[in-house]
Amino acid sequence: MGIALVATFMCALQATAMLCGFRGPLERLIGDYVGTPAGFTVPWAALVVALVAVPRDYRLPIAGTALGLDVLFVVGREYVGLPAAMGSGALVVLTGLGVFALMRWTGSRRDTALKGVATGLLLVLATKAGDAWLTITSLTRPTVLDEFAARADHALGQPSWVLGQLVQHHSVLYFLLHWVYLELSAAATVVAIYQLRNVTTGGRWPRHFVVRTFLVLGLIGPLIYLMFPLVGPTYAFGPAGGGFQVGDFWPALLPPVDGTAVPIAFDTSTPRNCMPSLHTAWALAVFIHSRSGPRWLRIGGTCWLVGTLAATLGFGFHYGVDLVVGAALCLTVESALREPVRPTARARLRLIAGGVSVIVGLMLCVRHLSDWMAAYPIMFGLLIIGAFATLAYGFYATFFSHPGTSAPAIERLTGEESESPAA
């Protein structure tokens, strides 16, 4: 059933892409196999996640084969004049691993390996679907609402302008944050490896782990892009606007707030992918799932969250309100997916309803009350921070606050430990 739904969704996106005249997800996927991959991080992250689910003796030979194929692909691309890129080897080996496990293994070994391969392939497919969806947002939303978001951000102190000035004038900080922003999938892979570390020895699979949250966020978030199209400060108010920007304000000058905010006509190539900030949502998911790990993993999750927040704002890709909506979306999705420490349906439903209320309420305020938010920033700022803080406290109390419970026990209660294998 799940395979049929994924296949139908990908085919529908591919058909839409063909009708609109751009490369669809299946074309992009084929290009990763035999053409020039879009990047190496996602295919290799997918393979690493799958390797955790196969017996230890197979991992090094499989990884070595993938690396060798990648080198051969690079040499072949150089020979035919294509750009050098890695990732095809990992994708080919990941697919081959699935076929090998299906044909040669049996029992729990096969089931566990196939779940790992399926998880890895879903990550790759989600990336291709996301790329196609971003193109759809730029084609179907000719105007953007950035003037409304810029006014609303007065309630949060215009964080994109503040951090933009800091990041743009410090090359080392710029490089570090750029790396953190691009390699978010690597951080998620590390957390996933820790959560899946026992699947081959115990014959069990976690009820909930970070990849599930990533996939659900990637499914829901882009739908909101169509409801609230934004391109970000560096495009709407800065040098990356390509002539469509309101003015050259970001990050040195704040845009004026006199007059009435209106939708801005923009180009057909820049994705409308600001509201919500999925980078924030994904980084927060990494942070949450790292809480049940050792100290080094918790520190890494914290640093990646802070770095991602600073990068999304400092590069002018998002407004402060985008980050709040993205974080609220993450907590809402997590509330729907994980098991509460105090297992009551009412607590879960209350959190989901609260998260949806914060998301919808803030988006409505930005769209219809942005002038008021600019005129009364302290009042609206306190309301925004208070609403999100209440949601965050409720999430903590429901899923992590359990006095006298040890860390391994919290892992079991929150569903991040393993479930019994299927019969």
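Residues are numbered from 1 along each chain as its sequence is written, and side-chain values use heavy atoms, without hydrogens and water. Because the model is predicted, local features need pLDDT of at least 70 and side-chain atom pairs count only at pLDDT 80 or more, whereas totals for chains, interfaces and linings use all residues.

An unreviewed UniProt entry carries the annotation "domain: DUF5933" for residues 6–136; such annotations may be inferred rather than shown by experiment. Over this span the chain is 82% helix and 0% strand, where helices (H or I, at least four residues) and strands (E, at least two) are DSSP runs numbered from the N terminus. The end C-alpha atoms of residues 6–136 are 19 Å apart.

Helix H3 (residues 41–51) packs against helix H6 (residues 107–140) at an angle of about 165°, with their axes 7 Å apart. Axes are lines fitted to C-alpha atoms, for helices over the stretch in contact, and angles run from 0 to 180 degrees between N-to-C directions. H3 is therefore roughly antiparallel to H6, a term for angles over 145 degrees. The crossing of H3 and H6 is right-handed, meaning that the near helix is turned clockwise from the far one by less than a right angle.

The second largest pocket has a volume of about 490 Å³, the space filled by probe spheres set on its grid points. A pocket is an open set of points on a 1 Å grid where a 1.4 Å probe fits, with protein on both sides within 12 Å along at least five of seven lines; lining residues have an atom within 4 Å of a point. Of the 22 residues that line the second largest pocket, Leu-284, Leu-305, Leu-309, Ala-327 and Phe-388 lie nearest its centre. At least two lining residues come from each of H14 (278–290), H15 (295–314), H16 (320–337) and H19 (377–399), and H19 gives the most, with six. The lining divides into 19 nonpolar residues, two polar and one charged; Ala, Val, Leu, Ile, Met, Phe, Trp, Tyr, Cys and Pro count as nonpolar, Asp, Glu, Lys and Arg as charged, and the others as polar.

Turning to the backbone, the peptide bond from Trp-250 to Pro-251 is cis, with omega near 0°. Pro-251 lies in the loop between helix H13 (233–236) and strand S3 (264–265). Met-275 and Pro-276 are also joined by a cis peptide bond, with omega about 5°, and Pro-276 is in the loop between S3 and H14. Gln-158, a residue other than glycine, has a positive phi near 50°.

How values were computed
Parallel < 35°, antiparallel > 145°, perpendicular 65-115°, else oblique.
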